[in-house]
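These are my notebook entries on a structure that is new to me. I record what I looked up, entry by entry.

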Amino acid sequence: MSFISMEFLLFLFIAVVVYYLLPQKGQWIWLLICSYLFYLSSGIKVTLFLVVTTISTFGVGLLLEQEDFRLKQILKQKNGNLTAEEKKMYKDKSKCRKKWLLAGALVFNFGILAVLKYWNFAIDNWNILFHTEYNHVNFLLPLGISFYTFQSMGYLIDVYRKKYVPEHNLFRFALFVSYFPQLLQGPIGRFDRLSHQFFEKHTFELMRIERGLQLMLWGFFKKMVLADRAAVLVNQVFQNYEEYSGIAIIAAVLGYSLQLYADFSGGMDVVMGASECFHIKLDQNFKQPYFAVSISDFWHRWHITLGTWMKDYVFYPLSLSKGMNRFGKFTKKYFGKHVGRVLPVCISNLVIFFLVGVWHGAAWKFIAYGLYNGIIIAFSNLAAPLYQKAIAFFHIPVKSKPWVVFQIVRTFLLVNIGWYFDMGISFSAALVMMRQTLTGFSLSALTDGSLFVLGLSVSDYAVLLLGSAVIFFVSLLKEHKISVRESISKKPLVIRWALYGILMFSIPLLGQVAVVQGGFIYAQF
Amino acid sequence: MRNFKRKPVILAIVFVILCIAVTAILNYILIPSNVVRINLHYLTNGEKYDTVFLGTSHGQYGIDPQTVDSVTGENSLNLCMADEYLDDTYYLLKLVCETNQPDKIIYELDPSYWMLSQHEGATQIFFYKEFPFSMAKLEYFFGKIMELDFRSTLAPWGYYRNEYKNIGKNVTVKMSEAYKTYDPSVLEIDAGHYGGKGFIYRDRIEGEDKGEFNNVPFDRAAIQEKAVSYFEKIVTYCENKGIELIVITTPVPEETTSAFADSYENAHQYFQEWMDAYGLTYLDFNHVRSEVLSRSMEGYWDYDGHMDGIRAEEFSKVLGTIIEKMNDGNFEYEEYFSEE
């Protein structure tokens with residue numbers, strides 16, 4: 001069920017109406033029913049994968065808790081009769097069993113994801129390496145599998161770490177995994193922030209519904225007016241990259257910057273707006289990413305929930321592991337204090353961004369995209385002392401506006417270089433496009449009309465520019481802690497709704513009819 | 001619902017009503033009059049039809065029901081229309097059966113419609129929009145329209161937003177008596193006219209540029225699951241209703257079949273196998289004997305195989321004769337078709 005379909009709007013409408021008619025106890029059950037109906041609309045077979053992940057994660061969560069309970073019981077029973085060594089032995093054994101339980105659940109669930117999503121990629125590479133001719137396997141790919149797998153595994157790791165006690169009700173847990181607004185494209189939720197909201201009492205408030213719909217409307221505007229329009233230019237150039245060079249490629253890459261942001265953040269707005277209608281607040285996934293002053297900062301603002309997931313469950317365990325600690329000491333001995341401190345972090349970052357690349361898709365270009373980001377962050381970490389010295393030497397006022405603007409522009413440029421890999425049809429195509437951007441560069445393309453044969457007309461470019469300007473100012477205000485949503489909420493009802501009316505009618509008036517079916521880009525992960 | 005406040009809710013309802021009103025006005029002034037509306041009026045005007053043709057633009061330009069009827073002595077209606085994909089055909093069939101009890105459905109099969117996806121936008125809702133309120137419309141909505149971009153249902157005017165220059169004309173036409181009485185004179189048809197009962201008569205223009213080959217080469221692998229599934233639904237539906245289903249492919253110019261011989265032959269074999277499996281009669285008029293019907297280029301206005309009015313009359317006579325012979329049980333395939 002695509003978020004831009006009539007089906008979804010009707011489904012949401014019915015879900016919200018019934019939700020507020022039900023008593024508190026019934027509300028979460030209704031949400032669970034809706035979530036499964038929503039997922040079942042994409043097929044029964046794919047739903048089985050969701051059920052398997054839910055049950056396996058729930059079960060292992062309980063087993064982890066049981067193991068702690070068992071240890072406590074043993075220690076209690078044998079209180080006073082155990083030596084410190086024996087106590088340690090029991091604790092180690094218990095820890096070991098928990099580790100195996102966790103590892104088993106992680107391997108099982110990530111294994112499902114890996115096989116369904118990456119098996120054919122592995123076969124392609126195997127065939128190339130060993131000159132074999134194994135055929136692709138036509139696997140079902142459940143919608144949103146990356147999102148719900150990451151969300152479930154995050155829960156399990158937290159339970160293992162005793163961050164919170166596991167959920168004891170399978171159905172309540174099933175709702176956490178399958179909550180329909182966020183199921184297809186995130187954000188990747190955390191149990192402690194999300195789950196309790198489902199079971200609180202939610203009463204009908206028109207203002208809340210209004211705010212939810214307002215956010216959805218804004219998301220649809222970004223998607224249909226900007227992202228789908230920019231997609232015309234982007235697809236034309238990226239899919240026929242041999243025919244284009246210079247300014248045309250730059251226009252397409254900039255177009256992709258806009259398309260991806262408007263599509264993904266627009267999707268998030270729809271998701272969060274829909275969730276707000278149920279009075280369930282989801283984690284923010286975007287924080288004005290194009291105002292980032294470094295690549296590292298960019299990843300703190302772009303797809304935030306994936307970044308924090310990676311940080312909490314991969315980066316910290318890896319960078320703080322015993323092996324990394326030993327490696328840090330080793331490098332400190334031979335390369336000095338700074339390198340000794342930073343290199344383990346850099347390596348952990350490279351691993352993280354390799355995984356981020358793999359998460360984006362089963363292709364080398366995505367791995368290159370991830371590593372590109374990881375390398376820049378690693379390099380900037382390693383070169384930080386030199387950078388500080390240069391700043392001091394040139395007396396650069398680092399807090400001045402021009403310097404911040406320079407950093408923003410520099411980061412935006414670096415981000416755009418990364419898009420070559422992300423959107424290019426292959427790794428080699430991305431490299432060819434980079435070369436052609438430089439070799440075929442000519443400013444005459446700006447005036448000879450060649451930009452107008454890329455699928456967009458003058459009015460299309462005007463809509464894109466105007467729309468980008470609107471997004472820019474909204475983001476700029478947000479960056480200065482001024483929320484446009486809040487400001488609108490404080491306006492008189494007539495003005496508010498007149499604004500909604502304008503926004504609503506601007507979608508069919510200015511919206512592009514999508515070139516491909518399938519709705520939001522990130523709904524395919 | 002404890003925090004229920006009446007005033008904002010009333011205002012919200014007023015807002016929704018206002019939006020609906022604006023949308024209705026925009027639909028009225030921007031969406032032009034179209035042939036589907038006229039065709040569906042023929043279907044629902046109370047007249048009873050023995051045979052209904054369903055299919056694509058090839059049938060729309062090639063089958064004149066009045067000529068067919070002059071041979072068979074029956075009453076038929078042509079609901080073949082441009083951009084009518086198999087899902088549209090299925091719901092049209094349902095509407096046909098809701099308003100009529102035809103003995104025969106003749107489905108005009110264009111292989112490209114089995115391979116291509118319908119363009120997003122106006123054409124996806126073209127037929128649905130003109131359906132009279134009926135169970136078929138409801139099923140159409142839940143079966144197809146619900147899955148489309150919500151703009152299709154909530155703001156179809158958006159697909160015609162660039163036609164703002166025609167607002168004056170649209171309003172004049174829609175307010176005219178001719179429009180209200182479903183007079184086909186309100187239609188604007190290039191080099192032709194509405195020939196009645198769904199048929200469009202295209203004039204033969206001497207020396208006309210017939211464009212280039214633009215047919216979609218047949219590829220079994222490109223056949224869409226959706227097309228197959230809807231065709232199966234059509235077959236089952238006709239079976240359940242006791243309606244005879246006949247499948248035809250209208251003839252395309254010899255030049256086209258020669259240029260894409262393999263493609264046409266593969267398509268013929270594929271669909272012949274299919275129809276045999278379903279026990280359906282399949283008449284591929286690309287295999288029609290030359291002495292029965294000419295496929296010379298002069299009778300077409302493009303290489304894709306859209307017939308002009310003169311050729312359409314000839315084809316409709318042949319089709320009518322075959323239908324009549326089938327009705328009488330003395331149709332001999334070899335008399336009209338060859339396997340070459």
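Which residue in β7(B) is the bridge partner of V247(B)? I found that Y282(B) is the partner.

Basis of the notes. I am reading a predicted model, in which local features need pLDDT of at least 70 and side-chain atom pairs count only at pLDDT 80 or more, while totals for chains, interfaces and linings use all residues. Residues are numbered from 1 along each chain as its sequence is written, and chains are lettered from A and ligands numbered from 1 in the order in which they are written.

Entry on the sheet of chain B. I noted that β6 (residues 244–249) and β7 of chain B pair in the parallel sense over four bridges; two strands pair if DSSP finds at least two bridges between them. Helices (H or I, at least four residues) and strands (E, at least two) are DSSP runs, numbered from the N terminus. I then followed the open sheet, whose five strands run in the order β2-β1-β3-β6-β7 with parallel pairing. Its edge strands, β2 (76–80) and β7 (281–284) of chain B, each pair on one side only. Helix α5 (residues 86–99) of chain B packs on the sheet and touches β1 (51–55), β2 and β3 (104–108) of chain B. Two residues are in contact if their C-beta atoms, placed from the backbone, lie within 7 Å.

Entry on two helices of chain A. I looked up α4 (residues 84–130) and α5 of chain A, whose axes come within 11 Å and cross at roughly 175°. Axes are lines fitted to C-alpha atoms, for helices over the stretch in contact, and angles run from 0 to 180 degrees between N-to-C directions. The crossing makes α4(A) roughly antiparallel to α5(A), a term for angles over 145 degrees. The contact includes L102(A) and F110(A) of α4(A), and M153(A) and Y160(A) of α5(A).

Entry on the domains of chain A. I recorded domain 1 (6–201), domain 2 (204–282 + 435–525) and domain 3 (296–423); the bounds come from an automatic or database domain assignment. The centres of domain 1 and domain 2 of chain A, taken over C-alpha atoms, are 33 Å apart. Their contact takes 17 residues from domain 1 and 16 residues from domain 2. On the domain 1 side, α1(A) gives the most, with four residues.

Entry on the two chains. I found that the contact takes 25 residues from chain B and 22 residues from chain A. On the chain B side, α1(B) provides the largest share, six residues.

Note on methods
Parallel < 35°, antiparallel > 145°, perpendicular 65-115°, else oblique.
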